[in-house]
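Please look through the sequence and the structure shown here before reading on.

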Amino acid sequence: MFFAKTTMVSPEKALPGRAEPMPVPARHEVLDAPLAPPYPDGAEIAEVALGCFWGAERVFWQTPGVISTSVGYEGGYTPNPTYEEVCSGRTGHTETVRVVYDPAKVSYEELLRVFWESHDPTQGMRQGNDVGTQYRSAIFYRDDAQRKQAEASRDAFQQVLTKAGYGTITTEVTKATDFYFAEDYHQQYLAPTKNPNGYCGLGGTGLSCPTGITAAE
């Protein structure tokens, strides 16, 4: 058991980490696609955090148009952290899902809809019973187009949440930083060949996020 931290660690107090990256499987357990680059030509990447990454990853690998998914750590300070280090609250990272997708088959906007509807983005440093900075909600945009779409979808969903009596969205919309792959046993943790009945802390609000959102220029 690790003490759950709900206050972000400062860079100078973060764990030092290590230079060696985490080894990961060559192929996705469900989609039989590469976990690490290079990805197929034309593929694009979305990276989001919405609580425990086990259930979050499954939601996205089940989404049509997604080529591959993987889980890792992003948004903090410690290079190549371990799961135990992230859970200590001393790395600053979120539990993040990397989604590799075919933009001809699924749009970034649709992936954002899946993101918003799959969790409660108003809970701050927690998601349900999972408490700690690693469970905070975040969208890590990779270019200005993704940023605009993320902000537009956030603002649209906030209106839906407000009407339903929810509070303010606490989701970070921030530029993508280094994505550090999580350990082998976390990758596709809920796959049918691994732990299909394993823990999934994901829980949405039951509200639908508007689609057809266009960002203001």
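A residue is called buried when its relative accessible area is under 20%, exposed when it is over 50%, and partly exposed in between, with a 1.4 Å probe and protein chains only. This is a predicted model, in which local features need pLDDT of at least 70 and side-chain atom pairs count only at pLDDT 80 or more, while totals for chains, interfaces and linings use all residues. Residues are numbered from 1 along each chain as its sequence is written, and side-chain values use heavy atoms, with hydrogens and water left out.

Helices (H or I, at least four residues) and strands (E, at least two) are DSSP runs, numbered from the N terminus. Helix α1, residues 53–61, is mostly covered, since 7 of its 9 residues are buried, namely F53, W54, G55, A56, E57, F60 and W61. Taking contact to mean heavy atoms within 4.5 Å, the cover over these buried residues includes β1, β2, α2 (83–87), β3 and α3.

Two strands are said to pair if DSSP finds at least two bridges between them. On this criterion β1 pairs with β3 (residues 94–101) in the antiparallel sense over 6 bridges, with E47 standing opposite R98, and β1 is also joined to β6 (residues 137–141) by 4 bridges, again antiparallel, where A49 has A138 as its bridge partner. The open sheet as a whole has 6 strands in the order β7-β6-β1-β3-β2-β8, with mixed pairing. Its edge strands, each pairing on one side only, are β7 (172–175) and β8 (180–181); β8 runs antiparallel to β2 (residues 66–74), to which 2 bridges join it, and F181 is the bridge partner of G72.

Helix α3 (residues 108–117) packs on this sheet, touching β1, β2, β3 and β6, and its direction makes about 165° with that of β6. Helix α4 (residues 144–163) lies across β1, β3, β6 and β7 and runs at about 150° to β6. Such angles run from 0 to 180 degrees between N-to-C directions, the axes being lines fitted to C-alpha atoms, for helices over the stretch in contact.

A nonpolar core is a set of buried Ala, Val, Leu, Ile, Met, Phe, Trp, Tyr and Cys residues joined through side-chain atoms within 4.5 Å. The largest one has 39 residues, and F53, F60, L111, W116 and I139 have the most contacts inside it. At least two residues of this core come from each of β1, α1, β2, α2, β3, α3, β6 and α4, and α3 gives the most, with 6 residues. Apart from this core lies another, of 5 residues, among them I45, V100, F179 and F181.

Q127 lies in strand β4 (residues 126–127) and is buried, with a relative accessible area of 3%. Its side chain reaches the backbone nitrogen of D120 at 2.8 Å and makes a polar contact with the side chain of Q123 at 3.3 Å, where a polar contact is a pair of N or O atoms within 3.5 Å, one of which, within protein, must be able to donate a hydrogen and the other to accept it, residues adjacent in sequence counting only if both atoms are side-chain atoms. G204, in the segment after β8, is by contrast partly exposed at 43% relative accessibility; leaving aside neighbours within four places in sequence, G204 is in contact with E117, S118, H119 and D120.
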